[in-house]
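Here is a short briefing on one protein chain. Please look over the sequence and the model before reading the points.

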Amino acid sequence: QVQLVESGGGLVQPGGSLRLSCGASGFPFGTYASYVMSWYRQAPGLERELVAFISSFGTTIQYADSVTGRFTISRDDAKNTVYLQMTSLKPTDTAVYYCEALGIATQYWGQGTQVTVSS
């Protein structure tokens with residue numbers, strides 16, 4: 001059974017940094033690298049939005065305009081983990097952050113981790 005578990009969220013002051021991790025388990029051996037891994041976020045009262053994605057084998061990376069230059073997505077396929085390094089955090093970054101694994105015919109979500117940016 002595939003599971004995605006996010007960690008690293010918390011309370012941080014504006015201008016601060018956090019590093020989110022999403023560890024995956026249950027993928028058939030050697031297949032994790034073929035999945036597109038993404039980070040989404042959902043703030044209260046708003047729709048879930050794509051923050052960043054990294055393609056299979058890390059060949060393509062894209063970011064939402066709102067986080068470009070501040071967030072960095074990366075993956076370590078040996079550890080079945082995707083990361084989101086967040087810097088220069090703003091109150092508008094406050095949300096629950098979710099990771100997603102997208103394959104050809106499969107999609108998996110984590111349970112989310114809360115990020116709160118407040119003084």
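What follows covers the core, the strand pairing and the turns.

The model is predicted. Four strands form an open antiparallel sheet in the order 1-3-8-7. Strand 8 is largely enclosed by the rest of the structure, because five of its six residues are buried. The largest nonpolar core holds 30 residues.

**Nonpolar core**

- Trp39, Leu84, Met86 and Tyr97 touch the most other members of the largest nonpolar core.
- Seven strands are listed as giving two or more residues to this core, among them strand 3 (18-25), strand 7 (71-76) and strand 8 (81-86).
- Strand 4 (36-42) and strand 5 (49-54) also give two or more residues each.
- In soluble globular proteins, nonpolar side chains tend to be buried together.

**The open sheet, 1-3-8-7**

- The pairing in this four-stranded sheet is antiparallel.
- Strand 1 (3-7) and strand 7 are the edge strands, and each pairs on one side only.
- From one strand to the next, the twist averages 15°.
- Strands of a sheet pair through backbone hydrogen bonds, either parallel or antiparallel.

**Strand 8 and its two partners**

- Strand 3 and strand 8 run antiparallel and are joined by six bridges.
- Ser21 has Tyr83 of strand 8 as its bridge partner.
- Arg19 stands opposite Gln85, also in strand 8.
- Strand 7 is joined to strand 8 by six bridges, again antiparallel.
- Here Ile73 stands opposite Leu84 of strand 8, and Leu84 is one of the core residues that touch the most other members.
- Strand 7 and strand 8 form a hairpin with four residues between the strands.
- Asn80 takes a positive phi near 50° in that hairpin.

- Five bridges pair strand 4 with strand 5 in the antiparallel sense.
- The bridge partner of Arg41 is Glu49 in strand 5.
- The hairpin of strand 4 and strand 5 has six residues between them. Gly45 in its turn has a positive phi of about 80°.
- Strand 5 also pairs with strand 6 (residues 61-63), antiparallel, over three bridges.
- Phe53 stands opposite Gln62 in strand 6.
- The hairpin of strand 5 and strand 6 has six residues between the strands. In it, Phe57 takes a positive phi near 65°.

How values were computed: Residues are numbered from 1 along each chain as its sequence is written. This is a predicted model: local features need pLDDT of at least 70, side-chain atom pairs count only at pLDDT 80 or more; totals for chains, interfaces and linings use all residues. Side-chain values use heavy atoms; hydrogens and water are left out. A nonpolar core is a set of buried Ala, Val, Leu, Ile, Met, Phe, Trp, Tyr and Cys residues joined through side-chain atoms within 4.5 Å. Buried means under 20% relative accessible area, exposed over 50%, partly exposed in between (1.4 Å probe, protein chains only). Two strands pair if DSSP finds at least two bridges between them. Axes are lines fitted to C-alpha atoms, for helices over the stretch in contact, and angles run from 0 to 180 degrees between N-to-C directions.
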